[in-house]
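Reader: Please show me the model. I would like to go through its local geometry with you.

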Amino acid sequence: MRHAKLKIVLALLLTLHIGWAQSDSAFRLAFYNVENLFDTADDPVTMDEEFTPEGDKAWTQDRFQAKLDKIAQVMTGMEYPAIMGFCEVENKAVLTALCEHATLKGKAYTPVHFDSPDLRGIDVALLYQKNDFELLDATPIRIDFPSWLEPESYTSRDILHVTLRHTVTKEVIHVFVNHWPSRRGGGAESEHRRLWVSAHLRRAVDAVLIDNPLATLFIMGDFNDEPRNRSLSYALGTLKVDDKRQVPGLLYNAFLNVDTKLTGSYNYKGQWNMLDQIIYAGLQAPNLWRMQGYGVFRQDWLLYKDTAPNRTYGGNQYYGGYSDHLPVYLDVVRKE
């Protein structure tokens, strides 16, 4: 009984939002799968017809605005992360509309986005506060699947690599935003796709670390795999956080500590999953940054009957919720 109570307390510490004071020496990163943030126009290049007023989902301007309101509410509740990654966004226009939302406009958010080859037209993206960070570079990493791996044509989202410089400390950080292939058809049956994307990410990360073994970098996204699955623990090579043994240049996944019997970022048939994660390197000596905290941003208003994320749609049924995922965050402070 005592052990069970301890697990519940630990879970609450991981998932309850604690007030965060952003400053010149501290910032918050976050990631959110926003579940299909589309505009209402039909893009002739992509399969987005269902997200139009005449489409199967009857996606109107009012519903689009309600979606923006809810995402803005989440960002406000998270104390306006200085860096926030997204997936399932259609284009730069929807991100610009989000940045111009009344509750976010004063935060000087700036979008980074590239169109990917995803057939539905959903991409990854990043918002950063330009008062806190300067954009140095942004590159989409294209994921091509060879015919020997995928006999039938298959497309996925790009990985977004963004390089930023802190406006006060002038330190450079790298951020990789991901949305890996889904588990459609089964986790084992689709694993080879996520392993293939993981290999592309690993090469991109290695290129940064070869240039600077002490580089500070963050990998965030919806990986459609758990922290202990092979694509993350083996192919990417992530390790459990251990303050006594952390080494610059190695990748650490704080979300390996989350007990999915109690919580997660996604709920499938009543079971919590930790599909959304933030991984880091370079937050230990001799570097000046360190991780202060992390967790799933879980609030009552984000949940349906306290059992699962309150989603926008179930099939074509409009529920008017936030997303089928919960956002995750990681807090970073500068050592004195």
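Author: One term comes up at once: buried means under 20% relative accessible area, exposed over 50%, and partly exposed in between (1.4 Å probe, protein chains only). The model is predicted: local features need pLDDT of at least 70, side-chain atom pairs count only at pLDDT 80 or more, and totals for chains, interfaces and linings use all residues. Residues are numbered from 1 along each chain as its sequence is written, and side-chain values use heavy atoms, with hydrogens and water left out.

Reader: Is Tyr80 buried or exposed?

Author: Tyr80 sits in the loop between α2 and β2, where helices (H or I, at least four residues) and strands (E, at least two) are DSSP runs, numbered from the N terminus. Its phi is positive, about 55°, although Tyr80 is not a glycine. With a relative accessible area of 18%, Tyr80 is buried.

Reader: What is the phi of Asn36?

Author: Asn36 belongs to strand β1. At 13% relative accessibility, Asn36 counts as buried. Asn36 is a residue other than glycine with a positive phi, near 65°.

Reader: What is the average pLDDT of the protein chain?

Author: pLDDT is the predictor's confidence in each residue, from 0 to 100. Over residues 1-18 the pLDDT is below 50. Of the residues in the protein chain, 93% score at least 70, and the chain average is 92.

Reader: Within what arc do the buried residues of α3 fall?

Author: Helix α3 covers residues 92-99, and its residues Val94, Leu95, Leu98 and Cys99 are buried. Taking the directions from the helix axis to the C-beta atoms, the buried residues of α3 line one face of the helix, because they fall within an arc of 140°.

Reader: Which residue has its backbone nitrogen within 3.2 Å of a side-chain oxygen of Asn91?

Author: A polar contact is a pair of N or O atoms within 3.5 Å; within protein, one must be able to donate a hydrogen and the other to accept it, and residues adjacent in sequence count only if both atoms are side-chain atoms. The contact of Asn91 is at the start of α3, and the backbone nitrogen belongs to Ala93.

Reader: With which side chain does the side chain of His113 make a polar contact?

Author: His113 is found in strand β3 and is buried, with a relative accessible area of 12%. Contact means heavy atoms within 4.5 Å, and the residues that His113 touches, not counting those up to four places away in sequence, include Asn91, Leu95 and Val124. At 2.7 Å, the polar contact is with the side chain of Asp123.

Reader: What is the omega of the peptide bond from Ala285 to Pro286?

Author: Ala285 is in the loop between β13 (276-281) and β14 (289-296), and Pro286 is also placed in the loop between β13 and β14. Ala285 is exposed, with a relative accessible area of 57%. The peptide bond is cis, with omega near 10°.

Reader: Which backbone nitrogen lies 3.3 Å from a polar atom of the side chain of Ser265?

Author: Ser265 is in the loop between β10 (251-253) and β11 (266-268). Ser265 is buried, with a relative accessible area of 0%. Residues that Ser265 touches include Trp272, Asp324 and His325. The backbone nitrogen at 3.3 Å is that of Leu275.
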